[in-house]
Amino acid sequence: GRRPHDVVAVTGTDSLAWDQESFEVAEGEITVELTCEDAVNHNFVIDETGEEVVACDPGETATGTVSLDAGTYTFVCTIPGHETTMRGELTVS
C-alpha cells in the first residue's frame with residue numbers, strides 16, 4: 001500500500017504557533033523541515049523522548065531527522081515561553 005509522507009514540513013510562526021498542528025508519517029526515519037518566520041527562533045522536540053530534532057534561526061529553514069516507531073507523539077517548541085502554544089501531534093504508522 002501507499003505509505004504516508006515521511007517528511008514533516010512545518011513553520012514556526014512569529015505569533016508562537018505552528019502553521020500545522022497534525023502530521024501523519026510512516027515509521028522509521030522521518031525528516032523534519034523546520035522553517036522559522038522572520039522574528040523568532042524555534043525548535044522541534046519530540047516531547048516523549050526529549051529529543052531535539054532540529055532548530056532554526058529567524059528567517060531560516062533547517063532540516064533534521066529522527067527515527068520513530070509507530071505511535072502518537074507530541075511535538076513541541078521548547079524555547080522558553082513557546083511551549084504552551086506550540087504543541088502538535090505526530091501520528092507515526
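Visitor: Which residue stands opposite Thr72 in E8?

Guide: Happy to start there, and first a word on the model: it is predicted, with local features needing pLDDT of at least 70 and side-chain atom pairs counted only at pLDDT 80 or more, while totals for chains, interfaces and linings use all residues. Residues are numbered from 1 along each chain as its sequence is written, and side-chain values use heavy atoms, leaving out hydrogens and water. Strands are DSSP runs of E with at least two residues, numbered from the N terminus, and two of them pair if DSSP finds at least two bridges between them. Strand E7 (residues 71–76) and strand E8 (residues 87–92) pair in the antiparallel sense over six bridges, and in E8 the residue opposite Thr72 is Thr91.

Visitor: What is the strand order in the open sheet of five strands?

Guide: The pairing in this sheet is mixed. Strand E2 (22–25) and E5 stand at the edges with a single partner strand each, so one side of each has no neighbour in the sheet. Read across, the order is E2-E8-E7-E4-E5.

Visitor: And in the sheet of three strands, which residue is the bridge partner of Ile30 in E6?

Guide: That open sheet runs E1-E3-E6, again with mixed pairing. Its edge strands are E1 (7–12) and E6 (61–68), each pairing on one side only. Strand E3 (residues 28–36) and E6 are antiparallel over eight bridges, and the E6 partner of Ile30 is Val66.

Visitor: How far apart are the sulfur atoms of Cys36 and Cys56?

Guide: A disulfide here is a pair of cysteine sulfur atoms within 2.5 Å, and by this rule the count is one. Cys36 lies in strand E3 and Cys56 in strand E5 (residues 51–56), so the pair ties together parts that are 20 residues apart in sequence. The link is right-handed, with 75° about the S-S bond. The sulfur atoms of Cys36 and Cys56 are apart by 1.8 Å.

Visitor: Is Cys77 buried or exposed?

Guide: Buried means under 20% relative accessible area, exposed over 50%, and partly exposed in between (1.4 Å probe, protein chains only). Cys77 is in no disulfide, and the nearest cysteine sulfur, that of Cys36, is 7.6 Å away. With a relative accessible area of 0%, Cys77 is buried.

Visitor: Where is Pro58?

Guide: Pro58 counts as partly exposed, at 36% relative accessibility. Setting aside residues up to four places away in sequence, Pro58 touches residues including Glu37, Asp38 and Val40, where contact means heavy atoms within 4.5 Å. The place of Pro58 is the loop between E5 and E6.

Visitor: Which kind of aromatic pair do Trp18 and Phe75 form?

Guide: Rings of Phe, Tyr and Trp (its six-membered ring) pair if their centres lie within 6.5 Å, with planes under 30 degrees apart called stacked, over 60 edge-to-face and the rest tilted. Trp18 is in the loop between E1 and E2 and Phe75 in strand E7, 57 residues apart. Their centres are 5.3 Å apart with 65° between the planes, so the pair is edge-to-face.

Visitor: Which residues form one aromatic cluster?

Guide: Phe75 also pairs with Phe23, their ring centres 5.9 Å apart and planes at 55°, so that pair is tilted. Both Phe23 and Phe75 are buried, and Trp18 is buried too at 5% relative accessibility. The cluster is made of Trp18, Phe23, Phe44 and Phe75.

Methods
Helix = DSSP H or I, 4+ residues; strand = E, 2+ residues; numbered from the N terminus.
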